[in-house]
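Q: I have a structure open and would like to go through it. Can we start with the strands?

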Amino acid sequence: MRKLISIHRTGFRLLKMIHSADSTIIPLHLLDLCLSLAQVYAGLFLTAELIDMLLLGKFEQAAVQALWLLGVNLFLGLCGQLLRRKFKSSENRIWLIFYVWLREKAFSLDYETMENPKVSEKILFSERTSDMYGGLGTLLNYYCSILQALLNIVLSVSLVFWLCMAEPAGEFGLLGRMAGPVPSILMFAAVLAGMCFCAWKVVVKYAAKQQEIFESHTGMENKLGYLLNQVFGNVKTGKIIRIYGMEEMLLENAAREQRKFHSYYAKMCDISRKEGSAGGLVNSFFTMGAYLLVSLKVVTGAVTVGAFTRYVGALNQFGSSCIGLITWQRELRKISTYMEDFLAFLDTENLHAAGSIPVEKRQDGEYELAFENVSFCYPGSREPALKNVNCRLRIRGKLAVVGRNGAGKTTFIKLLCRLYEPTEGRITLNGVDIRKYSEEEYRSLFGVVFQDFKLFALPVWENVTAGYERQEEKIWEALGQADAEELVRGMEKGLDTYLYRNLEEGVEISGGEAQKLALARALYKAAPVVILDEPTAALDPKAEAEIYARFGEMVKGRTSIYISHRMSSCRFCDEIIVFQEGRIAERGSHEELLTAGGCYTEMWNAQAKYYA
């Protein structure tokens, strides 16, 4: 019972969400449900009357009745078709809004929460199971089917009760006594109780087996989905596969997972087949009992031959509705199982409280950022990535952040951009803890090009403006500063050219070209702080030299931070911070650090031959 309550608690919450997204779709489904029931029972009553008129030889009345039967069915059928056509678009919207809700929630969560593999798995699991077993639209259809079955049971039971109360037309001995109201009700109740008991046993038995298989196949889907989407469906993996001759190995892996998948579906189909057979057998016994009761009433003259079709139809509706009610309840249980994970993801809370203070808008760009005794440990790690970092960033200065891999450079930037929050200490903006500021407003201060930047299969201008207003002069200025203007002007549609070929017949660009566009995006934002993580990693030496020569002009009037493994970039900066094992080991200008003869000098000398 608790599980049943939990299922419907989940279901009703989702129905409420569906109604909030589209207030018309549930009423339209309910109206369609009523039209369907009206068509069924109008057909039963009119057909019964038609048969009785034919048997009595009232052919003119029968012809009129036939026209009524045809007209009512045609009218109700057309109304149903028009109604279903009307809410078809709403159904598609409800199907799509499921994915929108998932992504809206994902975007609302802080970066640290979203980096948790368990959270990412919830998203993938919800999307995958929705694709396989149906989403919100399917759940709505299940509830409509359950409601229709319940209404069908109420209507058919009312008719059967009327049938049971019908008295025999004369003395028929034992048959007459059996056809009386009380024996009829007892007979119907016995058949009904037996059917419900057996049907419930069938559903419980096979539902447990289906649930066991359903819950055990997730890992198999993950592996096969990874191979199909991220390996076989990724053009960039093609060159690696060919160079190393990995085709056979990958196909063997896919074939192995596919065999597991085939075994899983074979088991599911076998269980469904056995359940269908068992359910059909139970329904057959009920149908036999129903026919026996109605036949007894006809033989004893309690009802007419025409009424035979009405009551048999009602009993069939009752039987199929009882089986359907149990079946839809089982399907609803299945869909609610993974929809609970979807709701759990929607209920996921950020790890850190959101600030609300607006950031002061300053025309002079006077923003002072400071790390005060900041330490940070990644979730699940005991070793701090940053240890007691203290520093103030020079306003409108050019700062280089260098160090070996794993020294803490990228962590330093993630904390500065508030993608993570310090484990200890605090980061301040103009003396105020950045956690008190609105995240959106605080991040508006930064234009960042991460080392693992991402461009999208959208027009060039959308990649550069990144959601800000399109100003063509400003776009071309940013492209020119990033040395990407010639690249874009050479494209057939210029700024309207799509990148890549995922959505449109776009252009494929090299890593260096993509990095220039990513740099243009950071410059277009015109943020007071520009952060470039390995900004020239994919550029050739000539392009790198040209970019560095223009760095001063690019970031004029802004605070700029460069993370780089190439020590040559440090010569263009006012100040350099050297990270070592999560601490700031050295700080100063290029000349000061070379004179000091510390770890910076060691790294410089190791690379000197490349830029001497």
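Q: Which residue is the bridge partner of Ser-375 in S4?
A: In strand S4, Ser-375 is bridged to Glu-424. This is a predicted model, where local features need pLDDT of at least 70 and side-chain atom pairs count only at pLDDT 80 or more, while totals for chains, interfaces and linings use all residues. Residues are numbered from 1 along each chain as its sequence is written, and side-chain values use heavy atoms, with hydrogens and water left out.

Q: What is the bridge partner of Leu-369 in S4?
A: Leu-429 is the partner of Leu-369 there. S1 and S4 (residues 424-429) pair in the antiparallel sense over 5 bridges. Strands here are DSSP runs of E with at least two residues, helices are runs of H or I with at least four, and both are numbered from the N terminus. Two strands pair if DSSP finds at least two bridges between them.

Q: And how many bridges link S1 and S2?
A: S1 and S2 (residues 386-393) are joined by 5 bridges, in the antiparallel sense. One of the links is between Val-374 and Val-389, the latter in S2.

Q: In what order do the strands of the sheet come?
A: The order is S2-S1-S4-S5, an open sheet of 4 strands with antiparallel pairing. S2 and S5 (432-433) stand at the edges with a single partner strand each, so one side of each has no neighbour in the sheet.

Q: What holds strands of a sheet together, in general?
A: They pair through backbone hydrogen bonds, either parallel or antiparallel.

Q: Back to S1: how many of its residues are buried?
A: In S1 (residues 369-376), 6 of the 8 residues are buried, so to speak mostly covered. Buried means under 20% relative accessible area, exposed over 50% and partly exposed in between, with a 1.4 Å probe and protein chains only.

Q: What about the protein as a whole, how much is buried?
A: Buried residues are 46% of the 612.

Q: How many helices and strands are there?
A: The protein has 21 helices and 10 strands. Its radius of gyration is 36 Å, well over the 25 Å from the globule rule for 612 residues, so the protein is more spread out than a compact globule. That radius is taken over C-alpha atoms, and the rule is 2.2 Å times the number of residues to the power 0.38.

Q: What box do the C-alpha atoms fill?
A: Roughly 125 × 55 × 50 Å, along the principal axes.
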